[in-house]
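The sequence and the model come first.

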Amino acid sequence: MTIGHEHPTNPPQLVCPLCSGTSFTKEVAKSDSRWGFTTHKVTMMICTRCAHILHFYNHRSIFDID
């Protein structure tokens, strides 16, 4: 038994909530506020099967339940 040498776990696989596709194209977008005072960088994962777009801000999305 070796302490501190754990095997890295695989991150969960991203699945499209509409078509259950698992292949995505990654795009990064910049969005300015209405008056231009703030800028937000958003990562968009676009399903290659149905073109549904999953938006991630600060590595989170509305699909994070925990």
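Buried here stands for under 20% relative accessible area, exposed for over 50%, and partly exposed for the range in between, with a 1.4 Å probe and protein chains only. Strands are DSSP runs of E with at least two residues, helices are runs of H or I with at least four residues, and both are numbered from the N terminus.

The model is a predicted one, in which local features need pLDDT of at least 70 and side-chain atom pairs count only at pLDDT 80 or more, while totals for chains, interfaces and linings use all residues. Residues are numbered from 1 along each chain as its sequence is written, and side-chain values use heavy atoms, with hydrogens and water left out.

**The sheet**

The chain has three strands and zero helices, and its elements run β-β-β from the N terminus on. The three strands form an open sheet in the order S1-S2-S3, with antiparallel pairing. Strand S1 (24-32) and S3 are the edge strands, each pairing on one side only. On average, neighbouring strands of this sheet are turned by 30° against each other, direction ignored. Such an angle is taken between N-to-C directions, from 0 to 180 degrees, with axes as lines fitted to C-alpha atoms. Strands of a sheet pair through backbone hydrogen bonds, either parallel or antiparallel. Two strands are said to pair if DSSP finds at least two bridges between them.

S1 and S2 pair in the antiparallel sense over nine bridges, and S2 and S3 pair in that sense over four bridges. Some of the bridge partners are listed here.

| Residue | Bridge partner | Strand of the partner |
|---|---|---|
| Thr25 | Ile46 | S2 |
| Met44 | His55 | S3 |
| Met45 | Leu54 | S3 |

**Turns and positive phi**

The hairpin of S1 and S2 has six residues between the strands, and Gly36 takes a positive phi near 80° there. The hairpin of S2 and S3 has five residues between the strands, and in this hairpin Ala51 takes a positive phi near 70°. Most residues other than glycine have a negative phi. Ala51 is a residue other than glycine with a positive value. Ala51 lies in the loop between S2 and S3 and counts as exposed because its relative accessible area is 51%.

Ser20 also has a positive phi, of about 65°, although it is not a glycine. Ser20 sits in the segment before S1, and with a relative accessible area of 51% Ser20 is exposed.

Asp32 is found in strand S1. Leaving aside neighbours within four places in sequence, Asp32 is in contact with Thr38 and Thr39, where contact means heavy atoms within 4.5 Å. Is Asp32 buried or partly exposed? Asp32 counts as partly exposed, because its relative accessibility is 47%.

**The core and its cysteines**

The largest nonpolar core has seven residues: Cys16, Cys19, Phe24, Met45, Cys47, Leu54 and Phe56. Strand S2 (39-47) and strand S3 (53-56) each supply at least two residues of this core. A nonpolar core is a set of buried Ala, Val, Leu, Ile, Met, Phe, Trp, Tyr and Cys residues joined through side-chain atoms within 4.5 Å.

Cys19 is buried because its relative accessibility is 18%. Not counting residues up to four places away in sequence, Cys19 touches Cys47, Arg49 and Cys50. Cys47 is buried as well, at 3% relative accessibility.

How many disulfides does a search of the whole structure find? The search finds zero disulfides, a disulfide being a pair of cysteine sulfur atoms within 2.5 Å.

**The chain as a whole**

Of the 66 residues in the chain, 17% are buried. Among contacts with a separation of 6 or more, residues 24 or more positions apart account for 27%. The chain exposes about 6,200 Å², and carbon and sulfur atoms supply 54% of that area. Accessible areas come from the Shrake-Rupley method with a 1.4 Å probe, and for residues only the protein chains shown count as cover.
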